[in-house]
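Dear colleague,

I am handing over the structure below, which you have not worked with before, and after it I set out what was found. Please keep the structure open beside the text as you read.

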Amino acid sequence: MQRLFTGGMLYRKGRLSRGDMALSQGRIVDFSSPKQGDGAPPVVPLNGKLLIPGLVDVHVHLREPGFSYKETIATGSLAGARGGYTVLCAMPNLDPVPDSPEHVALQQAIIDRDARIHVYPYGSITKGQQGRGELVDFAALASQVIAFSDDGRGVQ
């Protein structure tokens, strides 16, 4: 379904300017020749409101599994969505720490079940997120995580 957004402030070519934009199936489309009559797309007047791409937060603490009393994937991703975020990258300060494919799989199952927007997990750099000692098996984790961090612990 196509939808036409009119009179918004759009971020284009590094600047904000007033303009219109059409979407069809979630993608920006050309609307230089809009349809007339019954075939015309629904119009959404923006009245000068800002229309920008979704935001990405590369450092969030969703704290699940292990510390859901602090934050959950459901509540954190819903808060992100309401703030205009479409992607969150979750730090590895969890229990169990995402330092093995099995531990990342536990977190991913919760993400798949509860996330309201895209959530990508970080893997820990060190076993147990200790900042020292044994490194994780990066090759085994690389396809399951967005990046690696020991979040707040300098790796010695």
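Arg-113 is exposed in this predicted model, because its relative accessible area of 61% is over the 50% cut-off. The side chain of Arg-113 meets that of Asp-114 in a salt bridge, with 2.8 Å from N to O, and the count of salt bridges comes to one.

Taking the pairs in turn, strand 6 (residues 55-60) is joined to strand 7 (residues 85-90) by four bridges, and the two run parallel. Between them the chain crosses from strand 6 through helix 1 (residues 73-82) to strand 7, in a β-α-β crossover that is right-handed. Strand 7 is in turn joined to strand 8 (residues 118-123) by four bridges, again in parallel, and within this pair Leu-88 stands opposite Val-119 of strand 8. Strand 8 and strand 9 also run parallel, joined by two bridges, and here the bridge partner of Gly-123 is Phe-148 in strand 9.

Helix 1, which makes the crossover between strand 6 and strand 7, has buried residues at Ile-73, Ala-74, Gly-76, Ser-77 and Gly-80. What do the buried residues of helix 1 pack against? They pack against strand 7, helix 2 (101-114) and strand 8. Following helix 1 comes Gly-84, with a positive phi near 95°.

Is Leu-55 buried, exposed or partly exposed? Leu-55 counts as partly exposed, because its relative accessibility is 32%, which falls between the 20% limit for buried residues and the 50% limit for exposed ones. Leu-55 also belongs to a nonpolar patch on the surface, which it forms with Tyr-11, Leu-16, Leu-50 and Ile-52, and the accessible area of these residues together is about 470 Å².

Two loop residues remain to be described. Lys-13 lies in the loop between strand 1 (2-12) and strand 2 (15-24), and it counts as exposed because its relative accessibility, at 87%, is over 50%. How far apart in space are Gly-133 and Ala-115, C-alpha to C-alpha? Although these two residues are 18 residues apart in sequence, the distance between their C-alpha atoms is 33 Å.

With kind regards

Methods:
Residues are numbered from 1 along each chain as its sequence is written. This is a predicted model: local features need pLDDT of at least 70, side-chain atom pairs count only at pLDDT 80 or more; totals for chains, interfaces and linings use all residues. Side-chain values use heavy atoms; hydrogens and water are left out. Patches are made of residues with over 30% relative accessible area and no salt bridge: like charges are joined within 9 Å, nonpolar side chains (Val, Leu, Ile, Met, Phe, Trp, Tyr) within 5 Å. Accessible areas come from the Shrake-Rupley method with a 1.4 Å probe; for residues, only the protein chains shown count as cover. A salt bridge is a side-chain nitrogen of Lys or Arg within 4 Å of a carboxyl oxygen of Asp or Glu. Buried means under 20% relative accessible area, exposed over 50%, partly exposed in between (1.4 Å probe, protein chains only). Two strands pair if DSSP finds at least two bridges between them. A crossover is right-handed if, with the strands pointing away from the viewer, the path from the first strand over the helix to the second runs clockwise. Contact means heavy atoms within 4.5 Å.
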